[in-house]
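Hello,

Here is the structure you will be working with. My notes follow below it.

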Amino acid sequence: MTLHLISHALCPFVQRAVIALTEKGVPFRRTDIDLAAKPDWFLALSPLGKTPVLVAGGRPVFESAVILDYLEETQPIPLYPADPLERARHRAFGAVASAILGDIAALYNAPDAQDFDRRAAALRDRFTRLEPELGQGGASGPWFAGSDFGLVDAAFGPVFRYFDTFERIGAFGILYQLPRIAAWRAALAARPSVAAAVRPDYPQLLLRFLEGRNSHISRLIAAGAGGAATAAE
């Protein structure tokens with residue numbers, strides 16, 4: 001059965017599914033759509049009108065967390081721990097990643113410098129509280145659970161990818177002096193499944209998206225802060 005992933009080029013939740021499929025060695029085909037002009041066939045598949053949608057055996061599975069659970073139940077190479085309590089912890093930190101993605105959206109939509117700084121401080125607090133969770137129980141890394149790559153890693157790969165572009169725009173201090181976070185981020189960036197979860201032109205697409213937000217970060221880009229436009233080419 002060939003799996004078909006309905007995608008959007010910038011969607012971080014799509015990236016989770018791509019990373020999981022790649023880590024499991026599952027063949028699939030991917031179709032990008034324009035969420036600003038959703039085709040009728042897509043709306044027929046997705047009651048929420050959101051990506052990702054995974055079509056399996058002609059039937060749609062939607063919502064990224066449900067897709068990941070489906071893949072865990074049907075495909076090889078488990079990416080959740082076997083222990084039920086530890087598995088619950090990993091699911092919970094997948095939800096933390098989703099909350100951080102919401103904070104990131106609030107950051108790039110912040111209308112002015114004051115709101116932007118407040119959003120940046122909230123993100124800083126999220127990552128500061130996440131820092132001691134890495135290496136918990138004596139695990140030495142490089143992944144969330146130590147030596148085993150899992151779905152929490154798949155969830156945070158897209159999170160850190162945003163900062164590759166943010167740091168071209170300005171030094172916002174969100175991830176400053178968090179050594180465990182920095183090591184995890186670097187390991188994820190080097191992971192083939194994470195790197196291949198987006199198109200080669202993803203940085204340019206994201207920068208263009210941010211430029212169009214009519215927000216504080218849009219104005220920073222327009223002002224050439226950090227040489228963003230040059231660095232993204």
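At the start of helix H5 in this predicted model, a side-chain oxygen of Asp112 comes to within 3.3 Å of the backbone nitrogen of Gln114.

H5 itself covers residues 113-130. It has 18 residues. From first C-alpha to last, H5 reaches 26 Å, close to the 26 Å expected at 1.5 Å a residue.

Which residues of H5 are buried? They are Asp115, Phe116, Ala120, Leu123, Phe127 and Leu130. Seen down the axis of H5, these buried residues fall within an arc of 135°, so they line one face of the helix. An α-helix has 3.6 residues a turn, so residues three or four places apart point the same way.

The face of H5 turned away from the buried side carries Gln114, Asp117, Arg118 and Arg129, which are exposed.

Next, Ser218. It sits in helix H10. Ser218 counts as buried because its relative accessibility is 8%, and the cut-off for buried is under 20%. A polar atom of the Ser218 side chain lies 2.7 Å from the backbone oxygen of Leu210. Beyond its neighbours within four places in sequence, Ser218 is in contact with Leu210, Glu211, Gly212 and Arg213.

Last, the annotation. An unreviewed UniProt entry places the feature "domain: GST N-terminal" at residues 1-79. That span is 38% helix and 23% strand. The end C-alpha atoms of residues 1-79 lie 21 Å apart.

Best wishes

Key: Residues are numbered from 1 along each chain as its sequence is written. This is a predicted model: local features need pLDDT of at least 70, side-chain atom pairs count only at pLDDT 80 or more; totals for chains, interfaces and linings use all residues. Side-chain values use heavy atoms; hydrogens and water are left out. UniProt positions are given in the numbering used here, feature names are shortened, and annotations may be inferred rather than shown by experiment. Helices (H or I, at least four residues) and strands (E, at least two) are DSSP runs, numbered from the N terminus. The expected span of a helix is 1.5 Å times one less than its number of residues. Buried means under 20% relative accessible area, exposed over 50%, partly exposed in between (1.4 Å probe, protein chains only). The arc is that of the directions from the helix axis to the C-beta atoms. A polar contact is a pair of N or O atoms within 3.5 Å; within protein, one must be able to donate a hydrogen and the other to accept it, and residues adjacent in sequence count only if both atoms are side-chain atoms. Contact means heavy atoms within 4.5 Å.
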